[in-house]
Amino acid sequence: MKKNKLRVGILFGGRSGEHEVSLLSAASILKAIDRTKYDVVPIGITREGRWVTANDAQALLTGKAAKENPRLAGDPEATATAAVIRRGEAIIVPPVPADSLQPLELSAAAELAPQQPALHIDVVFPVLHGTFGEDGTIQGLFELADIAYVGSGVLGSAAGMDKDAMKKLFKAASLPQTPYLAMLRSEWRADAKKATKKIEAALKYPLFVKPANLGSSVGISKVHDRSELAAAMDLAASFDRKLVIEQGVGGPGAKPRELEVSVLGNDTPEASVVGEIVPGAEFYDYEAKYLSDSSVPIIPAKLSAAESKQIRQMAIEAFKACDCAGLARVDFLMEPAKKGSKRKPRIYLNEINTLPGFTSISMYPKLWAATGLPYKKLIDRLIQLAVERHQEKQQTQFSRV
Ligand SMILES: Nc1ncnc2c1ncn2[C@@H]1O[C@H](COP(=O)(O)OP(=O)(O)O)[C@@H](O)[C@H]1O
Ligand SMILES: [Mg+2]
């Protein structure tokens, strides 16, 4: 083993609904990552939130259930906890979900019991989508441990996860969005009639009702008229305390064009060519995303040079507006062109994804490949950006002395 190799922890699985997607992304990265440059440490997080390494991580990756007492950091005796360590400080990851609340424990490496071996890692690549992976929570853990990690920090991740917060930041940056309302489920549950009035006063059907914090279209409904509103609100309310209600882009009977751009970088991010997804359903729902192969990607999207330039610029602005870092996929909804109409179809920003699907055939890497950066080099670049960002942060002082 060469001394100067970076140790890269590839973190996958996790407690979110996108556990499987994460396994697929991680398997692709593990296959492609340049092992002459990096010592690669696969780290799995089970559905229950347990951190596993070595053979147990491999078992998790290939869909085999982790054993009762998974091996942690190579120690067959170890049971409850894995640790991420850097420079003598370690973060002990609690074995969630526990029946009692257990705080994160910070302790010196020397104090670690032998059954709690630590993983020595220079850079973490959290290949985790959705809750607890893409929402700033795990990024907070890396900040505490002072470890370099791929992707956005706590704020960028949390802002990119919360559709209401994201929209407020986009608005502050004057980025075009479809009209929307945010509402707490308590308000909906307290008086559905009043809430309906409020929604109908602000927005025109069709509407899209969404839980503010989720992904993969889970809990999202298209609402064609009032008769469908209550069911959609109740469904979204079962997934989050905050709901986002949007006016459907394109209006009744129309299907907007779904455009996506990959952004890469830290303080001076760059945008890939624009891609398009043509969903094989009324909208790009969970089924169309993962369960059928009817959704067709088109790279690059058929757009005028001006439209494409505008969309790429907006993607970079969206990335900056949410204070993102490393990578993000920025998604747009474009009105379908109306025959005979002279008005240019409007392009709206839909959302930003701070840890987009990352298999070699996912949109994010495919857009970079089409822009001239192949998958393996993209992984290198992301690791490099993580190290650069971590180094840049070392210039920050945390107190006056
Ligand atoms: N305002 C809207 N107008 C038209 N279609 C929409 C709108 N909002 C969402 N959709 C459809 O629903 C899909 C999922 O919505 P999105 O906000 O991207 O949620 P997720 O974070 O789960 O991907 C979009 O890709 C699009 O097909
Ligand atoms: Mg989406």
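Colleague: Which residue caps the N-terminal end of H5, and what makes it a cap?

Modeller: Asp162 does, with a side-chain oxygen 2.9 Å from the backbone nitrogen of Asp164. A polar contact is a pair of N or O atoms within 3.5 Å, one able to donate a hydrogen and the other to accept it; residues adjacent in sequence count only if both atoms are side-chain atoms. At 2.9 Å, the pair lies within that limit, so it is a polar contact. This is a predicted model, in which local features need pLDDT of at least 70 and side-chain atom pairs pLDDT 80 or more, while totals for chains, interfaces and linings use all residues. Residues are numbered from 1 along each chain as its sequence is written, chains are lettered from A and ligands numbered from 1 in the order written, and side-chain values use heavy atoms, without hydrogens and water.

Colleague: What makes the buried residues of H5 lie on the same side?

Modeller: The buried residues of helix H5 (residues 163-172) are Lys163, Asp164, Met166, Lys167 and Phe170. They cover an arc of only 160° around the axis, and therefore share one side of H5. The arc is taken from the directions from the helix axis to the C-beta atoms. Lys168 and Ala172, on the other side of H5, are exposed. A helix is a DSSP run of H or I with at least four residues, a strand a run of E with at least two, and both are numbered from the N terminus.

Colleague: What covers the buried residues of H5?

Modeller: The cover includes helix H4 (154-161), H10 and strand S18 (347-353), among other elements.

Colleague: Why is Ser174 called exposed?

Modeller: Its relative accessible area is 66%. Buried means under 20%, exposed over 50%, and partly exposed in between, with a 1.4 Å probe and protein chains only. Because 66% is over 50%, Ser174 is exposed. Ser174 lies in the loop between H5 and S10 and has a positive phi of about 55° although it is not a glycine.

Colleague: Why is Asp146 called partly exposed?

Modeller: Its relative accessibility is 27%, which falls between 20% and 50%, so Asp146 counts as partly exposed. Asp146 is in the loop between helix H3 (137-145) and strand S9 (148-149). Asp146 also has a positive phi of about 55° without being a glycine.

Colleague: How do you know whether Lys5 is buried or exposed?

Modeller: Lys5 has a relative accessible area of 19%, under 20%, and is therefore buried. Lys5 stands in the segment before strand S1 (6-13). The side chain of Lys5 reaches the backbone oxygen of Arg35 at 3.0 Å. Beyond four places in sequence, the residues that Lys5 touches include Thr36, Tyr38 and Asp122; contact means heavy atoms within 4.5 Å.

Colleague: Why is Ala301 called buried?

Modeller: The relative accessible area of Ala301 is 10%, under 20%, so Ala301 is buried. Leaving aside neighbours within four places in sequence, Ala301 is in contact with Leu259, Val274, Gly275 and Glu276. Ala301 belongs to the loop between strand S16 (296-298) and helix H10 (305-321).
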